[in-house]
Amino acid sequence: MNELSASSRITYRAVMVRPGVARRIRGLSDKTLAWLFITPTILLLLAINIFPLLWTIYLSFTNYRANRANVPTIWLGADWYRSILTDPDIWAAMQVTAHFVIWTVLIETVLGFGLAYLIDKKFRGHGMWTTIILLPMMLSPAVVGNFWTFLYQPQIGLFNYVVAFFTGRAASSFQMLGDVTLSPWAIVIVDAWMWTPYVMLICLAGLRSIPDYIYEAAEVDRATKWRQFWSITLPMALPFIMLAVLFRGIENFKMFDMVNLLTGGGPGSTTEVASITLKRAAFESWRTGYSSAFAIILFVTVFGLANIYVKALNRVKSR
Amino acid sequence: MTSATTAHSVVEPSATTRRFAGSLVILYAIITMIPLVWIMLTAFKSPDDAISYPPKVMFKPSLEGFCNLFTTRSRQTPEFIRSLGPPQGMCDEIARSRNMVVAGPSNYVPRFINSLIIAFGSTVLAVALGTLSAYGFSRFRVPLKDDLLFFILSTRMMPPIAVAIPIYLMYRTVGLSDTRLGMILLYTSVNVSLAVWLLKGFIDEIPREYEEAAMIDGYTRFQAFVKVVLPQATTGIAATAIFCLIFAWNEYAFAVLLTSGNAQTAPPFIPIIIGEGGQDWPAVAAGTTLFLVPIVVFTVLLRKHLLRGITFGAVRK
Amino acid sequence: MSLDVTPSVAHRGFTDRILRRGPLEAVATTIIAAGVVMLMQPFSLTLYSWSFATTLFGTVMFTIVSKVRE
């Protein structure tokens, strides 16, 4: 409010100074300019995100199939939703997703926070080593997934060799990607390798936001380091940890690229996370209506979590 | 940062603590680098070295991986190869030693060029749109500002496969499927949300007084934006651009579902590089290495702004 | 954050005390979280079946509640 009236006062003065400029200003008031600046973005998002979303909602109530576009479309109501939400196979896919999300987020949070805590000790050269640690998260998840399949090769892969070296088992005695019990962990390991730095970076920001005087006061009160950690460091870094946990949770809930290249959902459907089930239904079985309904279910879940995420974001921002 | 008086403060960790923390972090950094270094080493191995057991750390460097990445080859009889003239270039020589001849260039270069065009095209668009909107949101009273900003952010959160279904149908209808323009528009729409949020943070930090002073001097609001705000926001715009570039460069889900040939980018292409009898690992590693090197460079350039980028501009330091 | 400094705390009714943005947002957040847990828990198919409705309700509630004045 204030800045607007201030600027219009300035504009007014400018008008007094130069009548030639005045016409241009009148032509482009702040309000017009604001809309002029914002509408292109909104229009693009409406065309490429919102319109398709509405279309998906419509399709989710029909029997439409993308590979049989000429078959007359029948309105089915909420049938697809009912069948997805009572389907034990989809429920199983959600549990595979849960396994993936819970373990990756847990490992990444513990490792990430630990690393951030150590880096916060500001040892010599911590800047360079931090940058090196950050590298994996900037890489393409698809390319990462692909080259990890090489590391996971049973006979020739480096991962199997290292595990064999330390455990004494034969390197070809286990298959990380082909084994029903191991493959869910294979995708967790790669995701943790890739995204621990992400959690680390946000936790580091949290630790650095704690002012020194609080620790100084604690020292004056003779609080032990252990006590300081539990009653100062952890509680004050918690909003940041929550932010990282929520974002990783959302991202891994919709994880597609890395898992698709590592296992493609297999063996069987042991690593078939929700997005892979969706891809199979939409682009392999071409059950467009059915997969639209599933997409909406996933979308609403992500959208709900995104609301919480933005709330967490604002809390961190006010720090 | 730490002034002389706080250098001996009670909260500063001791030298032993620092050394201990440092060695643990360095250990983690080394372990985390092994997979990356390994794939880059594999790019310079011969196919036999790449699949040897135990894995070879020392090996005779070979460019066969790169040759196989850039060319397609066909198997011929030794008699036929002998009947040909002298080999043309190094790759031909390597191929002939394996009873093959170079048949032509592979698809890697066109895919790489697609990646470049689509990444740069969408980055330029997203940053241009993002700068305008960010300025609008930062400086003007926009009705429903918070809702619009949330709406913009939530579009980035959507699961890519969920978006891909209707986009596939839409692009098929309007003829944008498997075109670079279609991919550029799609990546722009994903990146613009990040650009708006990041740039709003950067522009919020530029004092309004600068523009107001300029406007007292007779600039219009728009001139003040172009001549005062934009130069001040250069660093922010550059950082945002690199983030958009990296996203578009790395994207796989849309690329694999919506493109098949013409507009296919490198990420869906690299995994399907196959040689005779399974994946040609040195070639895959060579393709991966070439694809990842720009990202490594950009990450180093961007290191000061990474935190902002991954928190949509909310956490600054 | 939202410390109440108004002197008339004692006279405020139920609607003023409970139907404020903070607590309502917390309720909506809990409902969304419950919906997500229901979607992915391995124990009951019935809970799974109702997860979508729960998340949807929580999300709609969150959107409405965020318009309530502080």
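In the predicted model described here, chain B is divided into two domains, with domain 1 spanning 47–106 and domain 2 made up of 109–265 + 294–309; the bounds come from an automatic or database domain assignment. The centres of domain 1 and domain 2 of chain B, taken over C-alpha atoms, are separated by 42 Å. Residues are numbered from 1 along each chain as its sequence is written, while chains are lettered from A and ligands numbered from 1 in the order in which they are written. Because this is a predicted model, local features need pLDDT of at least 70 and side-chain atom pairs count only at pLDDT 80 or more, whereas totals for chains, interfaces and linings use all residues.

Chain A has 14 helices and 0 strands, where helices (H or I, at least four residues) and strands (E, at least two) are DSSP runs numbered from the N terminus. The radius of gyration of chain A, at 26 Å, is well over the 20 Å that the globule rule gives for 319 residues, so chain A is more spread out than a compact globule; the radius is taken over C-alpha atoms, and the rule is 2.2 Å times the number of residues to the power 0.38. Taken along the principal axes, the C-alpha atoms of chain A fill a box of roughly 85 × 75 × 35 Å. Of the 319 residues of chain A, 46% count as buried, a residue being buried if 20 or more other C-beta atoms lie within 10 Å of its own, exposed if 12 or fewer, and partly exposed in between, with C-beta atoms placed from the backbone. Among the contacts in chain A with a separation of 6 or more, 71% are accounted for by residues 24 or more positions apart, two residues being in contact if their C-beta atoms, placed from the backbone, lie within 7 Å.

Between chain A and chain B, 91 residues of chain A are in contact with 91 residues of chain B. Helix H3 (residues 30–59) of chain A provides the largest share of the side of chain A that touches chain B, namely 14 residues. By class, this side of chain A has 63 nonpolar, 13 polar and 15 charged residues, where Ala, Val, Leu, Ile, Met, Phe, Trp, Tyr, Cys and Pro count as nonpolar, Asp, Glu, Lys and Arg as charged, and the others, Gly among them, as polar.

The contact between chain A and chain C takes 17 residues from chain A and 16 residues from chain C. On the side of chain A that touches chain C, two or more residues are given by each of helix H4 (79–85), helix H5 (88–119) and helix H14 (288–317) of chain A, and H14(A) gives the most, with 8 residues. The residues of this side of chain A divide into 11 nonpolar, 6 polar and no charged.

Turning to the backbone, most residues other than glycine have a negative phi. Asn99(B), however, has a positive phi near 60° and lies in the loop between helix H5 (89–97) and strand S2 (100–105) of chain B; with 13 other C-beta atoms within 10 Å, Asn99(B) is partly exposed. Phe80(B), placed in helix H4 (residues 78–83) of chain B, is 19 residues from Asn99(B) in sequence and 9.4 Å from Asn99(B) in space, C-alpha to C-alpha. Phe80(B) is exposed, with 11 other C-beta atoms within 10 Å. A positive phi of about 60° is also found at Asp178(B), which is not a glycine, in the loop between helix H8 (160–174) and helix H9 (180–204) of chain B. Asp178(B) has 16 C-beta neighbours inside 10 Å and therefore counts as partly exposed.
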